[in-house]
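Work through the exercises below with the structure in view. Each task is followed by a solution in steps.

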Amino acid sequence: MALDIATVLQKTTTLKEEQVRYLLGVPALEYNGSVGQALEQKEFTNADDIVHELCQQMGLEFIKDIPINDISPDLVNNIPINYSKHHSCLPYKDEGEVMRILTSNPLNTKALDDLRVIFKKKVKFLVTTHARMSDAINKVYEKNTSNMAGLDAIGNEDAVDFEDQVIDLLDSGEDDAPVIKLVNSLLFRAVKEKASDIHIEPYEKDMLVRYRIDGILVDIFKPPKKLQNSITSRVKVMANLNIAEKRLPQDGRIPLKIGGKDIDVRVNTMPTAFGERVVMRLADRSNTVLELEQLGFSEDSLAKFDDILNRTYGILLVTGPTGSGKSTTLYAALTKINKPDINIVTIEDPVEQRIHGIGQIPVNAKIGLTFGSGLRAILRQDPDVIMVGEIRDLETAEISINASLTGHLVLSTLHTNDSAGAFPRMIDMGCEPFLIATSLQGVIAQRLVRILCPHCRVPYTPTELEIQSLGVPRSTVLNSNICKKGGCNQCNGKGYIGRTIIAEFMMVSEGVRSLIMQRKDGATIRKKAIEEGMQTFREHGVQKVLSGITTLEELFSNTQMDL
């Protein structure tokens, strides 16, 4: 019976007739002949049902869940990864006289003939979707034992096993040393798992590699102790550091292109009792800048944000601990006001995201380009808005204040625990209270909490003690959507996917200004702001717990000071 794809699509999906015509009218080359991939990219429906039905009509076997661990990496030794990706095929199982091949394009007769010659046996296709095919290729080639060949000979330890890594970056050759492949693999996996930091930590008898994922450090791998110096030296070479200097801390950076993404890796080495400790911070430059509405601010905070961003003078500070998303918030704010009639100039250390239409200056202390000297130069560039990466010292603070008082809107960050702490912090730097009170328009303090995985979160009824700690009526809690974490394949068993902001936004009112002028402490200023209606960390976090966005554990661990 002739295969009628249009009939199959209309029968097994909710596609309208014009959508089917459009889909089938797409040039075959654009999707390598894969109808399933065309459906996925056009987002009309779930490709699984389509591919399954087509396989039934064509007499082919369909597989939905691919058991990656059951695929022997030895099967791909003679097949280059580029060939496997181009033809969307992967050896799956050797059944004696027949070699089973995974594919998302069973009509590819060229690949069929090639594989028949390579394996010198009959070939039978097992069909899956394009997305699962790509994932399987990445994982199997990453597991390929040839990638880690030679490590046993160096370390005389257990073999290295990376199960879930992507190998879609850095030109690794066949002759690359095992340590080079190992360091590359650590970077591959970190990018795939969206880690923000890689920690390489030496100890007396072993060493440990840890990733920071969603703000939490996770043990990943224990390389052989004998590889310690080789791994450290490899990272130093990549970061253009002095490999002979092991007594002093060093800083460097590694620009990488990983799987089509531009990754900037900031490297720091530090001598310890058992060797050099290496920490690498990963920043994805290819990420698009998020909008303010996507970060997790409350409607009240967004309204205050708009109010200040529409002003033509003053300072807006974003405060919080390291890694709390301060730079992300500032970039989102700049993107919101980035228009052809506004001149925006930034000075950063380093430039983390490139935004078209904005002049971004990287700090370079080695040649004397500091925040202070850079700010002075920026003021001669006729700016409307200035973003200072961080106010670290009195010089930067004073120039920022003067710029705000002469008709410039200044955005910057400061390291404090809450919004009220920004004022005594600047006074401690040496700034005059009356200048702070006059120039500051608002202070945002923010932290990040992990978001519950929507696929496995579990409804949860809190205990009486937890209800009391939330500080809201019992009836409100019991009628809410409180959940606890679960664990599934989507979140790698962690129960969380991504992070969101909890924040407090303090507007500098007349009452707050009066307290600043009197040099009052942060607690007094904070109390005044709450009386005037400021939403605290705890209150914003409680809203997210009641909505099922995050958990009670995340709330309590990130808002301890508000208890």
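**Exercise 1. Describe how helix 6 is placed against its strands, and then the sheet.**

Step 1. Helix 6 (residues 109–119) lies across strand 2, strand 3 and strand 4 (122–127), and runs at about 130° to strand 4. Helices (H or I, at least four residues) and strands (E, at least two) are DSSP runs, numbered from the N terminus. Axes are lines fitted to C-alpha atoms, for helices over the stretch in contact, and angles run from 0 to 180 degrees between N-to-C directions. Contact means heavy atoms within 4.5 Å.

Step 2. The model is a predicted one, in which local features need pLDDT of at least 70 and side-chain atom pairs count only at pLDDT 80 or more, while totals for chains, interfaces and linings use all residues. Residues are numbered from 1 along each chain as its sequence is written, and side-chain values use heavy atoms, with hydrogens and water left out.

Step 3. An open sheet is formed by 4 strands in the order 1-4-3-2, with mixed pairing. Strand 1 (61–62) and strand 2 (89–94) each have a single partner strand, so they stand at the edges and one side of each has no neighbour in the sheet. Two strands pair if DSSP finds at least two bridges between them.

Step 4. Strand 2 pairs with strand 3 (residues 98–103) in the antiparallel sense over 5 bridges. Pro91 has Ile101 in strand 3 as its bridge partner.

**Exercise 2. Determine how helix 19 and helix 20 pack.**

Step 1. Two packed helices are described by the angle between their axes and the distance between the axes. For helix 19 (residues 510–517) and helix 20 (residues 522–531), the angle is about 170° and the axes are 9 Å apart.

Step 2. Helix 19 is therefore roughly antiparallel to helix 20, a term for angles over 145 degrees.

Step 3. On the helix 19 side, the contact is made by Gly511, Val512, Leu515 and Ile516; on the helix 20 side, by Thr524, Ile525 and Lys528. These residues divide into 4 nonpolar, 2 polar and 1 charged. Here Ala, Val, Leu, Ile, Met, Phe, Trp, Tyr, Cys and Pro count as nonpolar, Asp, Glu, Lys and Arg as charged, and the others, Gly among them, as polar.

**Exercise 3. Locate the cis peptide bond.**

Solution. The bond runs from Asp349 to Pro350, with omega near -5°. Pro350 is in the loop between strand 12 (344–348) and strand 13 (359–362).

Conventions
Angles under 35 degrees count as roughly parallel, over 145 as roughly antiparallel, 65 to 115 as roughly perpendicular and the rest as oblique.
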